Amino acid sequence: MHRNIFVSLCLGLLSAPVISFVQPSLAAIRPSFSLDYCSWHATDIVLVEVTPKPGVFRAIESWKGDVKAGTLVTIPELRPPTGAMEIGAYPTEFADILKGGLNEQIPGQRAGSQMVLFLKKTPEASSDRWKPADLFGEMKTSAVWTDGGHLYAFLQPTNPGPSVLVPWDTSLDKMKHRVGEIRRTQLELVKVTAIEDGAARAESLKVYVRSDVFEAQLLALSELGKSGPKALVKIREMLSDPAFADEGAALVKAFAEAGGESVGEELDRRLQEQLTFWRTTAPTLSVGWWNQDATPHAPLRERYAQTRELVLALERVHYRPASTTAEQLGNFWRSLPQLNDPSGLNEMANECDKFVAEFREN
């Protein structure tokens with residue numbers, strides 16, 4: 001197949017406001033293999049060979065964890081169904097692949113064929129007590145198959161549509177290299193998160209906030225929020241740096257968590273700046289602007305996410321004076337149909353109302 005249809009599905013990349021806009025589609029999302037996610041969450045990543053006994057594999061090489069070469073690994077969920085066809089018999093035309101059917105099944109494989117398994121130990125770990133490492137809790141999307149020198153993984157090429165076994169345009173060596181990169185990042189972050197001084201910890205976490213490993217980003221941002229008041233200088237620095245614009249909403253959350261009530265006034269000032277932006281920009285937007293730029297990190301979407309996170313952060317730190325700003329933002333948002341779109345954008349005004357109501361009741 002000449003068309004590369006491998007896609008990486010990272011739900012964690014969807015911020016709360018984005019999810020509200022794609023909820024109908026989420027219902028149709030099917031399991032898809034993600035190398036980075038599985039590599040991060042697996043306790044054991046093993047290159048194995050298929051044995052004559054279905055669902056039983058012999059370890060060739062451990063990429064992560066402590067499974068020794070020669071160990072038998074039993075994965076009942078990867079046992080091919082009766083009469084399963086080999087990968088070579090699966091459809092190769094894109095239109096046929098999308099139909100599903102045969103290629104939704106675990107393929108039959110000859111003894112000696114290789115696979116890579118991404119596994120998680122269970123508390124009662126043994127050779128046949130493994131859990132999948134993938135986001136969906138599916139074993140078939142926690143594995144990569146090899147056939148004729150090519151790699152294959154279960155993905156959902158289109159939504160709606162089935163999860164099917166498709167070619168993956170990479171090599172075994174490149175996959176192993178990426179697993180190694182992710183493992184090294186994990187080990188580095190173990191050391192960084194052990195730093196007790198909040199300022200030093202935040203300084204060391206900064207490099208991981210823009211890591212190309214999404215799970216490392218999530219951990220770094222979470223740990224920033226736990227680093228306390230000493231981390232505020234570094235988080236503030238990132239919030240003011242255009243290079244960290246993509247992480248703006250998450251940094252606001254970390255800033256509020258690290259500073260608590262002490263940063264209420266600053267958060268309110270930042271919300272006022274956002275209100276000024278929307279008052280200037282919103283009148284020039286048309287209804288449906290949200291979908292006019294659906295690229296990753298679309299500027300207006302990120303601006304929306306950061307504005308909404310500021311409202312939520314101020315609510316969490318209980319900064320009463322900001323209720324005035326929130327009320328102004330909510331009223332302005334409802335005044336323009338392109339902002340108060342009932343498909344989900346109106347959540348901004350709803351959050352503002354919730355914040356204001358909290359202080360009116362108290």
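The questions below concern a predicted model.

Reader: How many helices and strands does the chain have, and what share of its residues is buried?

Author: The chain contains 12 helices and eight strands. Its C-alpha atoms fill a box of roughly 70 × 50 × 35 Å along the principal axes. Among contacts between residues at least 6 apart in sequence, 64% join residues at least 24 apart. Of the 362 residues in the chain, the buried share is 48%.

Reader: Is Arg-178 buried or exposed?

Author: Arg-178 is placed in helix H4, which covers residues 172–193. Beyond its neighbours within four places in sequence, Arg-178 is in contact with Leu-35, Asp-36, Asp-212 and Val-213. Its relative accessible area is 14%. The cut-off for burial is under 20%, so Arg-178 counts as buried.

Reader: Which residue does the side chain of Arg-178 join in a polar contact of 3.0 Å?

Author: The contact is one between two side chains, with Arg-178 as one partner. At a separation of 3.0 Å, this pair lies within the 3.5 Å limit for a polar contact. The other partner is Glu-181.

Reader: Are helices H5 and H6 roughly parallel or roughly antiparallel?

Author: Helix H5 (residues 198–209) packs with helix H6 (residues 214–225) at an angle of about 155 degrees, and their axes are 8 Å apart. Angles over 145 degrees count as roughly antiparallel. Therefore H5 is, relative to H6, roughly antiparallel.

Reader: What classes of residue make up the contact of H5 with H6?

Author: H5 passes H6 in a left-handed crossing. From H5 the contact involves Arg-201, Ala-202, Leu-205, Tyr-208 and Val-209, and from H6 it involves Ala-216, Gln-217, Ala-220, Leu-221, Glu-223 and Leu-224. By class, these are eight nonpolar, one polar and two charged residues.

Reader: Which residues does the cis peptide bond with omega of about 5 degrees join?

Author: Most peptide bonds are trans. Here, the loop between strand E7 (150–155) and strand E8 (164–168) holds Pro-160. The cis bond, with omega of about 5 degrees, joins Asn-159 and Pro-160.

Reader: What is the phi of His-297?

Author: His-297 is in the loop between helix H9 (264–281) and helix H10 (299–317). At 45% relative accessibility, this residue counts as partly exposed. Most residues other than glycine have a negative phi. His-297 is not a glycine, yet its phi is positive, at about 65 degrees.

Reader: Where is His-318, and what is its phi?

Author: His-318 lies in the loop between H10 and helix H11 (322–335). With a relative accessible area of 49%, His-318 is partly exposed. Its phi is positive, near 55 degrees.

Conventions. Residues are numbered from 1 along each chain as its sequence is written. This is a predicted model: local features need pLDDT of at least 70, side-chain atom pairs count only at pLDDT 80 or more; totals for chains, interfaces and linings use all residues. Side-chain values use heavy atoms; hydrogens and water are left out. Helices (H or I, at least four residues) and strands (E, at least two) are DSSP runs, numbered from the N terminus. Buried means under 20% relative accessible area, exposed over 50%, partly exposed in between (1.4 Å probe, protein chains only). A polar contact is a pair of N or O atoms within 3.5 Å; within protein, one must be able to donate a hydrogen and the other to accept it, and residues adjacent in sequence count only if both atoms are side-chain atoms. Contact means heavy atoms within 4.5 Å. Axes are lines fitted to C-alpha atoms, for helices over the stretch in contact, and angles run from 0 to 180 degrees between N-to-C directions. Angles under 35 degrees count as roughly parallel, over 145 as roughly antiparallel, 65 to 115 as roughly perpendicular and the rest as oblique. A crossing is left-handed if the near helix is turned anticlockwise from the far one by less than a right angle, and right-handed if clockwise. Ala, Val, Leu, Ile, Met, Phe, Trp, Tyr, Cys and Pro count as nonpolar, Asp, Glu, Lys and Arg as charged, and the others, Gly among them, as polar.
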